Amino acid sequence: MASPEPDLGWLLLPERARLLHIGLMKTGTTALQNAAAASRPALLEHGVRYPGRRFNHRYPLMGLLDVRRGWTGPTGTGPTRRNWDALMREVEADDERRVLISHEHASLANDEKARLLVDALGPRTHVAVTVRGVQAVLGSAWQQYVKEGMTDGFHDWLRLVLSDDPDRSVSPAFRSRIRAGAVIDRWASLVGPERVTVVVVDRARPDLLAHAFEALLGLPRDLLAHATVNGQQANRSLTLPEAEVLRQFNLTYDRREVPWADHTALVREGALQTLLAARVPSPSEPRMPVPAWAADAAVSHSRRTAATIRETGVRVVGDLDALTAPVRTSEAPATVDQVAVDVAARLLGGMFSAARERVHEDRPQRPAATGPPAPTHGSGEQPPAVSTRQVATELRTADLAKALGISVARGLTRRISPRRR
């Protein structure tokens, strides 16, 4: 039986406060941001502004802090200070409501960049930090980097980031997750511990994160916790076979020849969004097997984080002991040789649709067709739909990755030089 939720009224921030939620990564940030974005009109009615039109404030913070994602390319300029200035014009125009700004890029700021951000927001700044045990996010963190083009396998990546002598060139942003205590100490020193609220994300108390932000902002209980968001915003994790297909695909092309913008459009926003929104994995499909040595190393980092949080004197919501809760471990190899055909169907379909959209962006519009439509099947009827569940075939991971690589190459070629028939 779940323990009753505590009274969180003591969290309420002063009127007109500006709450900066800096993450950390993989601590329920996407769910919270989607709930706030879906509830913008209701937030305004209750005295809270969630500025902008996107579901989070990634681009303004990237522009202010000069954060770059992915790799460089001929079209990859990235957000600029103008993105931040546009956000702040909306914030400054509303001098009555509390304001919420949220994206985990802020947790990557060093002392200089953190000071820049606080100075830009002004003296009414308060900071919220959401934390989870490192051991609980290893699989989701690895697959996030795979989504961004990384080629290291899960177990190899764990050794690179968690060994006694880690490779600091690999996934440098993950250092903020490992050193969460240092991140919290930085912001507490900057704005004062009384203006920093740490929320411990705990699976045993799934609504605590939303309830804490409702209390901070003076919102009715469950406004964020029960917000209705669309399927794309669910942000489920990849299974091991899905992630391994993507990693194998990353090995099929040279980053120097593919601009980050094209990778984002075709892979992240095309193939992956289609897969995540349309496919429901079987409960038996394997997830990321965390080896015991990695779990132990991660728990050691989490233990240090909990100790630092206690020392800083910041406000804490939740149980710090949850940061060191054990996770299920397995020594099984984190590789897979075959994947279900519906993984192939969703990835290829999403990539094809994204490539087709980019082709039509450059292609002149054709005049509308006249007359009756041409038959599409022998009898003039549409061919019957075939469910991927009816197909018992499995595809080799490497072969699927190669096919996806060909799809990207063709998509880029058509975008640059559209074929005209």
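1. Helix α3 (residues 58–65) has seven of its eight residues buried, so the rest of the structure largely encloses it. Buried means under 20% relative accessible area, exposed over 50% and partly exposed in between (1.4 Å probe, protein chains only). Helices (H or I, at least four residues) and strands (E, at least two) are DSSP runs, numbered from the N terminus.

2. This is a predicted model, in which local features need pLDDT of at least 70 and side-chain atom pairs count only at pLDDT 80 or more, while totals for chains, interfaces and linings use all residues. Residues are numbered from 1 along each chain as its sequence is written, and side-chain values use heavy atoms, with hydrogens and water left out.

3. The buried residues of α3 are Arg 58, Pro 60, Leu 61, Met 62, Gly 63, Leu 64 and Leu 65. They pack against α4 (81–93), β3 and α5 (111–121), where contact means heavy atoms within 4.5 Å.

4. The open sheet consists of six strands in the order β2-β3-β1-β4-β5-β6, with parallel pairing; two strands pair if DSSP finds at least two bridges between them. β2 (48–49) and β6 (315–317) are at the edges with a single partner strand each, so one side of each has no neighbour in the sheet. Two bridges join β2 to β3 (residues 98–102) in the parallel sense, and Arg 49 has Val 99 of β3 as its bridge partner.

5. In the largest nonpolar core, of 44 residues, Leu 138, Trp 142, Phe 154, Trp 157, Leu 162 and Phe 174 touch the most other members. Such a core is a set of buried Ala, Val, Leu, Ile, Met, Phe, Trp, Tyr and Cys residues joined through side-chain atoms within 4.5 Å. Helix α12 gives the most to this core, seven residues. Leaving aside neighbours within four places in sequence, Leu 138 is in contact with Phe 154, Trp 157, Leu 158, Leu 162, Phe 174, Val 290, Ala 294 and Ala 298. Another core, of 38 residues, lies apart from it and includes Leu 20, Val 127, Ile 184 and Val 314.

6. There are four aromatic pairs. Rings of Phe, Tyr and Trp (its six-membered ring) pair if their centres lie within 6.5 Å; planes under 30 degrees apart count as stacked, over 60 as edge-to-face and the rest as tilted. The pair of Phe 249 and Tyr 253 is tilted, because the ring centres are 5.1 Å apart and the planes are at 45 degrees. Both Phe 249 and Tyr 253 are buried. Tyr 145, Trp 157 and Phe 174 form a cluster through ring pairs.
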